Amino acid sequence: MKHEDFLIDMLGFITIKGAREHNLKNIDLSIPRDAITVITGPSGSGKSSLAIDTIYAEGHRRYVESLSAYARQFLEQLRKPDVDSIEGLSPSIAIDQKTVIKSPRSTVGTITEIYDYMRVLYTRIGRPYCYNCGSIISKQESKDIIHSVMSLPQGSRLQILSPIVIDRKGEYRKELLEMRREGFIRARIDGEMRDLTHDIILKKHKRHTIEIVIDRLIMKPGVERQLKDAIETALAYSDTVVINLIEGDKDILFSKTAVCPNCGISYPEINPMFFSFNSKQGACPRCNGLGFEHLEEDSQELDNNNYCKGCGGLRLRQEALNIKIQGINIGEFARMSVQDALLFINNLKLSEREQTIASRVLKEVRDRLFFLKNVGLDYLTLDRSSLTISGGESQRVRLATQLGSSLTGVLYILDEPSIGMHPRDCKKLFKSLSSIRDAGNTVIIVEHDEETIRWADYVIDMGPGAGLSGGWVVTSGEPHEIENNEKSVTGKYLSGSMSIDIPSVRRKPKDFIRIIGAQEFNLKNINVDIPLGVFTCITGVSGSGKSTLLLEILYKALCKEIYGSKLTPGRYKEIIGIDKIDRVISVDQSPLGKTPRSNPATYTGVFSFIRELFSLVPDSKIRGYTPSRFSFNLTGGRCESCHGDGLIKVEMHFLPDVYIPCDICKGKRYNKETLDITYKGKNIAEVLEMTVTEALQFFSSIPHIRHKLAILEDVGVGYLQLGQPASTLSGGEAQRVRLSKELGKKSTGNTLYILDEPTTGLHFVDIQKLLNVINNLVDLGNTVIIIEHNLDVIKSADSIIDLGPEGGEEGGMIVAEGMPEEIATNPLSYTGKFLRNKLLRLAPARVA
């Protein structure tokens with residue numbers, strides 16, 4: 001190869017050699033740069049190990065290592081992945097379903113920075129009104145301030161303060177020294193009186209308010225001149241004067257820039273922090289900027305029926321909510337959907353001066369709203385909390401943010417961006433990803449969606465199986481090459497030589513639960529019949545009301561009626577037929593536990609049986625070991641050096657903390673005496689390192705253990721290690737582990753199971769396993785209802801309830817109901833349009 005050709009080859013590809021992370025089998029491969037590559041394959045085949053744990057981890061690690069030691073102390077420590085070399089790697093950004101901060105303070109508007117730009121806009125061109133009488137706020141002269149203060153009762157003791165810093169981060173050494181040189185000796189700093197003649201050290205990364213004490217005086221005849229000098233001096237340092245009444249420690253605020261001509265109420269200096277619900281300047285004092293009554297900072301659930309009585313859920317203090325642009329305050333703007341906000345911005349009628357001031361800010365806001373619309377999220381409101389958006393939605397919110405960043409030469413890695421998207425909306429996603437590629441970036445997507453695979457520039461098919469049976473590159477190439485490769489299971493599904501069959505019979509409902517007058521969020525007072533004894537799919541475009549109907553209304557209402565739950569259901573008039581079921585189970589994608597000590601073995605309960613088995617071997621009986629001896633959470637059997645974690649945190653002072661395997665147990669979690677006990681040649685730590693599939697074979701002669709492991713295998717997570725920390729599981733994996741736990745319980749035959757997008761993370765092969773589990777449940781007399789966009793699952797259902805027609809306010813109605821064949825012929829149903837193509841070549845099922 002010529003040198004020039006070699007350089008072109010190196011620059012055109014990301015070249016990976018000897019990748020061995022997790023189950024990867026020392027693989028070599030090349031990925032084209034400036035292209036969109038899909039990595040696919042069965043669940044557990046090594047897709048995320050390659051994309052996230054190898055490529056992204058190394059790209060991110062190299063970037064962090066290029067920074068100074070000082071900067072690195074603020075960033076997470078990333079170990080080098082197990083790979084010989086990666087060449088042609090760019091700075092990497094991973095956009096997965098876990099990276100959005102789940103906090104009651106985090107919203108769609110703050111994540112995308114739309115709200116931050118709007119704070120600037122309202123500061124620049126917002127018009128302030130008096131919150132008391134509604135008059136326009138105007139300027140105030142110093143003589144007006146003096147007149148107001150002189151009206152205070154005689155004998156009042158007061159201090160005149162000038163705020164030189166208001167709720168800003170920094171040390172402010174220079175400012176404090178300058179005030180001392182100018183003869184001031186006192187200041188109120190963060191609400192506390194401080195002596196300026198002493199050294200004052202403020203924390204650099206904390207917000208501070210510094211108010212200089214200009215003078216102290218007592219209201220009495222002849223004090224006017226002293227007061228005039230003090231007020232004018234205060235206004236020389238700030239536009240605002242604070243009169244502090246010493247008795248009662250009460251502040252009266254005066255401003256030379258903003259005051260009501262009727263009421264005399266002054267507004268503080270208007271700046272972007274004035275509109276921040278995370279700042280004391282802007283936050284509603286009743287709810288502290290959270291928008292709800294009695295909501296804690298670490299809350300993970302919101303009660304939409306319990307808005308703050310002070311701000312009505314708008315989060316801000318009344319002064320901020322009375323600054324408006326064309327009659328709309330910033331809280332009302334944040335309540336708008338993306339689509340309505342875009343309409344508001346486009347229809348603004350501004351003067352020439354306002355247009356000059358606002359044009360750049362408006363462009364940033366308009367672009368970000370447009371990007372959100374392009375990734376199918378035009379139904380989300382800007383004040384929508386990150387606590388209530390799904391993994392797929394949060395990923396697309398972050399994707400929209402990246403679209404607005406205009407970066408080039410970057411490697412983007414996405415984990416199933418099509419999750420939660422209706423087939424209709426996927427084309428919008430493809431267009432957005434194409435624009436990222438066309439800007440000179442490389443995009444790698446871990447994905448199972450058929451249309452995404454067909455659309456990609458390049459495909460890498462991992463496999464052939466999961467866990468130890470995976471970790472190989474089965475084939476790679478353009479989509480049509482994968483389709484024609486007989487070694488590739490993915491290719492066989494793409495070509496149609498393998499497929500998920502339509503059921504030969506559609507079951508008929510044995511009864512119904514009837515919801516009357518469902519009207520929470522965007523639901524339009526609809527009546528819905530939920531079929532019992534069958535498998536039903538709730539479908540519709542994103543934001544059409546599926547989760548609201550099933551999770552907010554039906555599930556919470558059933559929990560309240562059956563279990564006496566304190567959950568507050570969404571609004572409805574009546575639900576008839578609750579007595580026809582005796583249990584309701586919702587299997588969602590939330591994490592299995594908040595601690596890494598939780599794992600599939602502990603969560604499903606199989607570890608209790610394994611610990612009991614180890615306590616029964618002869619050596620355990622001789623030593624008197626009980627099952628608790630084999631718990632890594634309890635003293636006795638665990639390694640006390642690491643308290644059963646297997647890792648030790650090493651503090652590096654100016655560098656990040658590093659986690660290294662425990663020197664005593666070598667990462668095994670247990671002490672030597674516990675590890676001496678073996679069953680069939682394996683100790684307890686070695687058992688926890690087994691995959692579910694390996695453990696199923698190992699414990700095949702133990703019925704209780706075999707039963708629970710077989711269920712995990714059946715739901716498609718056989719590749720997971722028994723001791724794998726719950727914090728490392730994806731939402732889909734957590735959901736399937738949770739489902740296996742429920743399936744392990746004794747069935748009553750009258751249970752209603754609710755699943756939210758259970759195909760998340762599932763390959764074609766694994767979807768068939770999931771359908772087998774669902775059908776087994778229904779055959780036992782139970783009811784299964786799932787929210788789903790996957791057409792292979794939808795075509796396999798007995799019944800479909802299709803909501804829409806659009807998302808947000810244009811959704812919330814029933815578009816179609818019936819069997820898949822009936823939905824496919826409905827011209828009003830977007831789901832039907834895509835379902836029709838799936839059913840065309842296959843004979844329709846008959847009704848039981």
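Is arginine 514 buried, partly exposed or exposed? At 32% relative accessibility, arginine 514 counts as partly exposed. The cut-offs: buried is under 20% relative accessible area, exposed is over 50%, and partly exposed lies in between, with a 1.4 Å probe and protein chains only.

Some ground rules. This is a predicted model, where local features need pLDDT of at least 70, side-chain atom pairs count only at pLDDT 80 or more, and totals for chains, interfaces and linings use all residues. Residues are numbered from 1 along each chain as its sequence is written, and side-chain values use heavy atoms, with hydrogens and water left out.

Back to arginine 514. Its salt-bridge partner is aspartate 529, with the closest N and O atoms 2.7 Å apart. Aspartate 529 sits in strand β21 (residues 526–532) and arginine 514 in strand β20 (residues 511–518), so the pair ties together parts 15 residues apart in sequence. Aspartate 529 is partly exposed too, at 28%. A salt bridge here is a side-chain nitrogen of Lys or Arg within 4 Å of a carboxyl oxygen of Asp or Glu. By this rule there are 41 salt bridges.

Next, a pair within a helix. Lysine 228 bridges to glutamate 232, at 3.2 Å between the closest N and O atoms. They are 4 residues apart in helix α8 (residues 224–237), so about one helical turn separates them. Lysine 228 has 36% relative accessibility; glutamate 232 has 35%.

Now a loop pair. Lysine 668 and glutamate 689 meet in a salt bridge at 3.4 Å, N to O. Lysine 668 is in the loop between β26 (655–661) and α22 (672–675), and glutamate 689 in the loop between α23 (684–688) and α24 (692–698), so this bridge ties together parts 21 residues apart in sequence. There is also a network: shared partners join Glu450, Arg454, Glu483, Asp792, Lys795 and Lys838.

On to a sheet. Helices (H or I, at least four residues) and strands (E, at least two) are DSSP runs, numbered from the N terminus. Two strands pair if DSSP finds at least two bridges between them. The open sheet has 6 strands, ordered β9-β8-β10-β7-β11-β12, with antiparallel pairing. Which strands stand at the edges? They are β9 (192–195) and β12 (250–255), each with a single partner strand, so one side of each has no neighbour in the sheet. Inside the sheet, 3 bridges join β8 (residues 186–189) to β10 (residues 207–218). Arginine 188 stands opposite glutamate 211 in β10.
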